[in-house]
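Hi,

Here is the structure I promised to send over. Have a look at it first, and then read on for my notes.

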Amino acid sequence: MDEDRPIFVQIAERIEDDIIAGALEEETQAPSTTQFAAFYQINPATAAKGVNLLVDQGILYKKRGIGMFVAQGARAVLVEKRKEQFYEQFVVAMVREAAKLGITTEQLTDMIRKGGGAQ
């Protein structure tokens with residue numbers, strides 16, 4: 001766990017990562033808050049807060065008496081969300097820094113290709 005960020009956010013991100021990676025498929029049951037609490041040795045209320053974040057976003061839903069399940073279309077929603085975050089956090093920052101350094105779009109594209117991007 002990263003001490004700089006709230007644990008419940010990290011729990012939510014862990015579930016998101018598993019959904020994106022296909023380890024948790026749509027319409028399958030997600031780990032319970034009790035399982036997260038035991039695994040990470042945290043308060044079950046903290047784990048529940050992370051799970052409830054995803055319920056509020058429509059990523060997970062509750063089947064009464066059974067547990068939490070991954071919603072239909074959750075992976076596509078999460079991939080789109082992460083692409084937007086990637087754009088904001090990395091692409092915009094990279095383009096701004098390139099502009100400060102006088103790097104042209106063509107030079108920046110070449111750098112990306114050289115770094116292992118699109119060939």
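Which handedness does the crossing of H2 and H3 have? It is right-handed. Bear in mind for everything below that this is a predicted model.

Some more on that helix pair. H2 covers residues 33-40 and H3 covers residues 44-56. Their axes lie 8 Å apart, and the two helices pack at an angle of about 125°. As for who touches whom, H2 brings Thr33, Phe36 and Ala37 to the contact, while H3 answers with Pro44, Ala47, Ala48 and Val51.

Now the rings. I count four aromatic pairs in the structure. One of them joins Phe39 and Tyr40: the ring centres are 4.8 Å apart and the planes stand at 90°. Anything over 60 degrees counts as edge-to-face, so that is the label for Phe39 and Tyr40. Is Phe39 buried or exposed? With a relative accessible area of 60%, Phe39 is exposed, because the cut-off for that class is over 50%.

Two lysines deserve a look if you like charges over rings. The charged end of Lys49 sits over the ring of Phe8, at 4.3 Å from the ring centre. Lys63 does likewise with Phe69: its charged end sits over that ring, 4.3 Å from the centre.

Finally, the backbone. Which loop holds Glu27? Glu27 lies between H1 (7-21) and H2, and its phi is positive, about 70°, although Glu27 is not a glycine. Its relative accessibility is 37%, so Glu27 counts as partly exposed. Gln41 sits in the loop between H2 and H3, and there too phi is positive in a residue other than glycine, near 55°. Gln41 has a relative accessibility of 72% and therefore counts as exposed.

That's what I have for now. Over to you!

Cheers

Conventions
Residues are numbered from 1 along each chain as its sequence is written. This is a predicted model: local features need pLDDT of at least 70, side-chain atom pairs count only at pLDDT 80 or more; totals for chains, interfaces and linings use all residues. Side-chain values use heavy atoms; hydrogens and water are left out. Rings of Phe, Tyr and Trp (its six-membered ring) pair if their centres lie within 6.5 Å; planes under 30 degrees apart count as stacked, over 60 as edge-to-face and the rest as tilted. Buried means under 20% relative accessible area, exposed over 50%, partly exposed in between (1.4 Å probe, protein chains only). A charge sits over a ring if NZ of Lys or CZ of Arg is within 6 Å of the ring centre and within 35 degrees of the ring normal. Axes are lines fitted to C-alpha atoms, for helices over the stretch in contact, and angles run from 0 to 180 degrees between N-to-C directions. Helices (H or I, at least four residues) and strands (E, at least two) are DSSP runs, numbered from the N terminus. A crossing is left-handed if the near helix is turned anticlockwise from the far one by less than a right angle, and right-handed if clockwise. Contact means heavy atoms within 4.5 Å.
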